[in-house]
Amino acid sequence: MTLESIRYRAGSLQILNQLLLPHQTTYEEIRSVQDAYEAIKSMKVRGAPAIAIVGCLSLAVELRAGAGGDDPVTFIRESLCHLTSARPTAVNMGRAARELMEFAENESMEKNSEQLRESVISWIEDMLERDVNDNKKIGNYGAQHILSGVPRDSVTILTHCNTGSLATAGYGTALGVVRSLHTLGRLKRVYCTETRPYNQGSRLTAYEAVAEGIPATLITDSMAALTMREMNITAVVVGADRVVANGDTANKVGTYQLAISAKHHGIPFYVAAPSTSCDLSLESGRDIIIEVRPPEELTSINGIPIAAPGIEVWNPAFDVTPHQLITGGIITELGVFLPSELQAALTGRLTAL
Ligand SMILES: CSC[C@@H](O)[C@@H](O)C(=O)COP(=O)(O)O
């Protein structure tokens with residue numbers, strides 16, 4: 001069974017409402033850029049690659065209906081700017097916006113409005129296929145790299161948040177590595193953290209694992225260190241919302257403490273991310289803007305209060321893992337690289353290990 005977070009056919013876009021999972025499978029129509037903005041902001045759709053794809057596809061839907069009239073470039077620019085502001089830490093949307101804008105501006109030199117709309121729509125529609133293909137490469141490179149350290153054994157992986165089909169156009173990044181290991185018959189088990197406060201692990205990763213028969217065990221976030229000590233974890237593999245030039249990586253809050261714990265236990269720590277999640281314009285993780293989400297995500301679950309009324313709350317959605325703790329490597333669609341090799345790899349000066 002393949003889980004689809006995004007359903008698209010020319011002119012029509014639907015997303016699986018992830019707020020309702022795992023209890024309800026409800027697809028919602030996205031008819032406009034504003035619908036997409038709201039779905040991204042409220043986390044009906046989430047995960048860095050999925051955010052960018054849904055944002056851009058919503059633009060394609062509007063363009064197909066003739067949006068922008070005689071001046072599609074202005075409409076495209078304003079739409080992309082709005083979409084990029086929905087969730088600031090994940091770089092994929094901002095990066096897609098920059099590349100798409102450059103493409104649209106170049107096309108506008110020699111094409112009329114109708115032709116420009118058509119070529120921008122094709123550029124956007126290609127994103128779906130590109131993402132799935134990149135994720136499969138990540139899965140393959142990651143699995144081979146992890147297995148090279150344990151030539152004959154099955155492996156046990158610990159992962160965080162949800163980085164699977166629900167967070168991407170399909171297959172997934174860190175969970176894609178897990179999927180590849182499972183397909184190769186070399187996955188003993190994956191431990192997935194609950195991932196408070198939004199519970200991407202217990203609601204979404206667990207849902208994907210159960211649906212696909214991947215051997216998985218759910219743990220609370222506070223059990224991670226104990227699991228590393230007791231459960232013979234081969235590697236920790238997580239996704240990324242933004243990997244910057246020195247390899248520092250912003251990912252779901254809690255990733256940083258997993259990396260510290262992995263280092264203490266001598267367990268390789270990997271980040272799995274497509275190059276679209278990399279941002280070489282920032283030198284270090286200190287420059288990454290971290291999204292702070294509403295207190296209600298901590299103080300209630302499905303509208304039911306779970307915290308003392310009146311308590312103050314700090315709810316950063318992400319943290320930054322320093323590159324020194326990414327000891328296994330950064331798994332991309334180009335290969336697996338040490339943080340210190342990332343810049344050279346992404347600029348074509350270094351090829352896969
Ligand atoms: C392939 S998804 C990579 C990351 O976006 C993922 O690890 C993550 O942190 C998701 O955060 P979320 O807040 O659920 O959008």
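Residues are numbered from 1 along each chain as its sequence is written, and side-chain values use heavy atoms, with hydrogens and water left out. Because the model is predicted, local features need pLDDT of at least 70 and side-chain atom pairs count only at pLDDT 80 or more, whereas totals for chains, interfaces and linings use all residues.

The protein is divided into domain 1 (6-131) and domain 2 (151-347), with bounds that come from an automatic or database domain assignment. The centres of the two domains, taken over C-alpha atoms, are separated by 25 Å. Contact (heavy atoms within 4.5 Å) involves 25 residues of domain 1 and 30 residues of domain 2. The area buried between domain 1 and domain 2 is about 2300 Å², and carbon and sulfur atoms give 51% of that area; buried area is the accessible area (1.4 Å probe) that two parts lose on being put together, summed over both. Arg46, Thr89 and Val91 supply 27% of the area that domain 1 buries against domain 2, more than any other three residues.

Salt bridges were assigned where a side-chain nitrogen of Lys or Arg lies within 4 Å of a carboxyl oxygen of Asp or Glu. Side chains of opposite charge can pair when their charged atoms come close. The rule gives a count of 14 salt bridges, and it finds 1 across the interface of domain 1 and domain 2. A salt bridge joins the side chains of arginine 87 and glutamate 291, with an N to O distance of 2.9 Å. In another salt bridge, between arginine 77 and glutamate 105, the closest N and O atoms are 2.9 Å apart. This pair links distant parts of the chain, 28 residues apart, with arginine 77 in helix H3 (residues 72-84) and glutamate 105 in helix H4. Helices (H or I, at least four residues) and strands (E, at least two) are DSSP runs, numbered from the N terminus.

Grid points are joined across faces, edges and corners, and a volume is the space filled by probe spheres set on the points. The structure holds 2 cavities of 30 Å³ or more.

The largest cavity has a volume of about 200 Å³. Its lining comprises 23 residues, of which Arg46, Gly47, Ala48, Asn162 and Asp241 lie nearest the centre. Helix H2 (48-64) and strand S9 (249-252) each supply at least two lining residues, and H2 gives the largest share, 3 residues. Domain 1 and domain 2 each contribute at least three residues to this lining. By class, the lining has 10 nonpolar, 9 polar and 4 charged residues; Ala, Val, Leu, Ile, Met, Phe, Trp, Tyr, Cys and Pro count as nonpolar, Asp, Glu, Lys and Arg as charged, and the others, Gly among them, as polar. The second largest cavity, of about 50 Å³, is lined by residues including Met43, Pro197, Tyr198 and Arg293.

The largest pocket contains about 440 Å³ of space. Among its 20 lining residues, Pro197, Tyr198, Arg203, Ile301 and Asn302 lie nearest its centre. Helix H10 (296-299) and strand S12 (300-301) are the elements that give two or more residues to this lining. The largest pocket lies between domain 1 and domain 2, because both give residues to its lining. The second largest pocket contains about 250 Å³ of space. Of its 15 lining residues, Glu99, Met127, Arg130, Asp134 and Thr276 are the closest to its centre. Helix H5 (113-148) provides the largest share of the lining of the second largest pocket, 5 residues.

Most residues other than glycine have a negative phi, and most peptide bonds are trans. A cis peptide bond joins leucine 21 and proline 22, with omega about 5°; proline 22 lies in the loop between strand S2 (12-16) and strand S3 (27-30). The peptide bond from arginine 196 to proline 197 is also cis, with omega near 5°, and proline 197 is placed in the loop between strand S5 (187-193) and helix H7 (200-212). Methionine 43 has a positive phi, near 70°, and is located in the loop between helix H1 (33-41) and H2.

Key:
1 Å grid on protein atoms, 1.4 Å probe; cavity = no way out; pocket = protein on both sides within 12 Å on 5 of 7 lines; lining within 4 Å.
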